[in-house]
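Reader: I am new to this structure and would like to learn how to read it. Please take one feature at a time.

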Amino acid sequence: MVETQAIVVLDFGAQYSQLIARRIREQNVFSVVLPCTASLDEINSYSPAGIVLSGGPSSVYDADAPPADDRILHLGLPVLGICYGLQFMVYKLGGKVRAADKREYGHAQVELLGGNSALFKGLQGPLTVWMSHGDEALDLPPGFELIGRTSNAVAAIQNPAQKYYAVQFHPEVHHTPQGTAILRNFVFEICGLKPNWTAQSFIDETIASVRQTVGKGRVICGLSGGVDSSVAAELVHRAIGDQLTCIFVNNGVLRKNEFATVQKNLREKLGLNIDAVDASERFLSKLAGVSEPEKKRKIIGNEFIVVFEEEAHRIEQLHGKVDWLVQGTLYPDVIESRSVRGPSQTIKSHHNVGGLPDIMKLKLIEPLKDLFKDEVRKIGRDLGMPEEILQRQPFPGPGLAVRILGEVTAERVALLQEADDIVITEIKRAGLYNKVWQSFAVLLPVMSVGVMGDMRTYAYTCAIRAVHSEDGMTADWVPLPHEVLKTISSRIVNEVKGINRVVYDVTSKPPGTIEWE
């Protein structure tokens with residue numbers, strides 16, 4: 001946990017609440033998204049210097065309006081309401097909200113009034129902003145004043161004496177050109193924070209925290225070879241040295257040759273103490289007959305922990321008691337697993353978040369759990385880690401199990417390993433590997449008829465997926481060059497016996513997810 005003061009964003013079900021946190025983090029100030037139902041104790045655990053109330057799809061008068069503790073408005077901290085957050089603030093503090101006569105969606109012009117609001121310091125009106133609301137403020141609460149409006153509705157209000165500020169538009173999106181400046185004013189002018197949350201400060205604080213937490217205890221790290229677990233392992237290794245043993249498990253659903261290459265790279269280039277465990281048959285036997293994605297994830301999560309605990313016991317016989325398990329959990333994992341978006345649904349559980357058993361003997365250390373992927377890479381660069389490790393594309397914790405739709409078998413794993421290796425090889429050959437967020441193959445439970453050498457074939461279909469993303473929370477499909485797709489398709493159907501058809505996934509996130517399961 002980072003000790004630096006934070007801006008806490010309370011999520012009322014907005015589609016992109018994490019964007020608010022990202023825009024604030026870009027100012028070198030730590031910000032975290034919590035569900036609107038978060039307790040005061042959890043909010044205060046982040047030492048907040050200010051609170052942001054997000055947008056959301058509900059009306060404050062709905063019977064199922066997102067629940068939140070009214071006391072968040074009376075902590076003595078500056079509060080910024082955004083869209084639904086403005087309406088929540090008005091409603092809870094004694095004003096009135098109504099369904100708008102004319103809804104506002106898209107660009108709008110905001111006239112600034114008064115001219116002396118700290119929220120708009122340095123800005124000249126009218127402001128071009130992005131609106132998305134069907135309700136509006138009718139009567140302002142006592143002590144509030146109007147500081148911005150459109151031709152249709154209240155656009156910005158404040159009560160400086162009580163440190164209350166609110167806007168009806170969305171400053172976090174790129175469609176509001178001066179939005180970052182507004183958030184910056186809230187963070188620096190109103191909350192009084194300084195831009196001191198940097199990669200180096202995070203490294204220093206994390207190393208100190210791990211040392212204090214672990215003391216002289218023994219620690220194991222669940223190492224996958226990807227960016228997240230590698231950076232997490234390096235951070236903990238810097239803190240406690242040879243008290244750390246990294247356990248790299250072959251779960252039977254790794255990529256082609258990955259079990260050998262990861263061991264070699266991380267031993268030679270990071271100097272980590274690695275205990276390699278081949279448990280492939282064990283995992284595949286547990287996955288036999290299972291097709292439902294959530295069951296796959298939880299089976300893999302549970303089995304990982306069982307393997308870790310068994311290895312921890314073995315290590316204990318050699319070095320003494322093991323108390324801690326390090327995981328490379330990232331913030332998007334937490335968001336998608338926890339249903340952080342207020343009343344919205346959990347998208348999927350992650351093997352290192354929602355897949356853990358209810359009873360686990362080892363205590364968790366998750367040094368990256370408040371970071372996005374691009375932030376983790378920055379940390380890795382400040383640690384001096386090789387780009388070859390830091391530029392690896394994300395790979396899901398459950399591995400190829402969530403890229404094989406339907407039952408996971410050794411035969412299907414082998415097919416996908418070969419197809420996926422071709423995809424990665426050709427993407428690298430085209431110079432595109434570091435230009436896309438993820439590129440991979442998916443094995444579909446779809447058999448189709450083909451013709452090869454005048455012979456009828458009946459084999460599997462393979463889907464190719466390539467996406468651009470900033471942090472994994474949203475993504476756009478990549479229009480790969482036709483020649484690259486042609487080469488990939490030709491190689492797969494010619495070299496992978498058992499696949500006779502290749503398709504390309506042109507779905508963004510949302511509405512899809514990056515992985516198929």
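Reader: In which helix is Val 262 found?

Author: Val 262 is found in helix H7. The model is a predicted one, and every value below is computed from it.

Reader: Is Val 262 buried or exposed?

Author: A residue counts as buried when its relative accessible area is under 20%. Val 262 has 4%, so it is buried.

Reader: Which residues does Val 262 touch, leaving aside those up to four places away in sequence?

Author: Val 262 touches Ser 224, Gly 225, Phe 248 and Arg 392. Take Gly 225: it is 37 residues from Val 262 in sequence, while the two C-alpha atoms are 5.5 Å apart in space.

Reader: Which strands does helix H7 lie across?

Author: Helix H7, residues 258-270, lies across strand E10 (218-223), strand E11 (244-250) and E12. Relative to E12, the helix runs at about 175 degrees.

Reader: How should I read a sheet, and what is the strand order in the one that contains E12?

Author: In general, strands of a sheet pair through backbone hydrogen bonds, and the pairing is either parallel or antiparallel. Here 5 strands form an open sheet with the order E12-E11-E10-E13-E14, and the pairing is parallel. Strand E12 (274-278) and strand E14 (363-365) are the edge strands, each pairing on one side only. On average, neighbouring strands of this sheet are turned by 30 degrees against each other, direction ignored.

Reader: Over how many bridges do E13 and E14 pair?

Author: Strand E13, residues 322-326, pairs with E14 over 3 bridges, in the parallel sense. To find one of the partners by eye, look at Trp 324: its bridge partner in E14 is Lys 363.

Reader: What about strand E3: how many of its residues are buried?

Author: Strand E3 (residues 48-53) is mostly covered, with 6 of its 6 residues buried.

Reader: Over how many bridges does E3 pair with E1, and over how many with E4?

Author: Strand E1, residues 6-11, pairs with E3 in the parallel sense over 5 bridges. In that pairing, Ile 7 stands opposite Gly 50 of E3. E3 and strand E4 (residues 79-82) also pair in the parallel sense, over 3 bridges. There, Ile 51 stands opposite Val 79 in E4.

Reader: Now a residue with a polar contact. In which strand is Thr 457 found, and which side chain does its own side chain contact?

Author: Thr 457 is found in strand E16, residues 455-468. Its side chain makes a polar contact with the side chain of Asn 500, at 2.9 Å. Apart from residues up to four places away in sequence, Thr 457 touches Ser 448, Val 449, Gly 450, Val 451, Met 452 and Asn 500.

Reader: Why does Thr 457 count as buried?

Author: The cut-off is again under 20% relative accessible area. Thr 457 has 17%, so it is buried.

Reader: What is the radius of gyration of the chain, and what should I compare it with?

Author: The comparison is with a compact globule. For 517 residues such a globule would have a radius of gyration near 24 Å, and the protein chain has 25 Å, so the two agree. The C-alpha atoms fill a box of roughly 75 × 65 × 40 Å along the principal axes.

Technical notes. Residues numbered from 1 in each chain as written. Predicted model: local features only at pLDDT ≥ 70, side-chain atom pairs only at ≥ 80, totals over all residues. Heavy atoms only, no water. Pairing = 2+ DSSP bridges. Helix = DSSP H or I, 4+ residues; strand = E, 2+ residues; numbered from the N terminus. Axes fitted to C-alpha atoms, helices over the stretch in contact; angles between N-to-C directions. Contact = heavy atoms within 4.5 Å. Buried < 20%, exposed > 50% of the residue type's maximum accessible area, 1.4 Å probe, protein only. Polar contact = N/O pair within 3.5 Å; in protein donor to acceptor, adjacent residues only side chain to side chain. Rg over C-alpha atoms; globule rule 2.2 N^0.38 Å.
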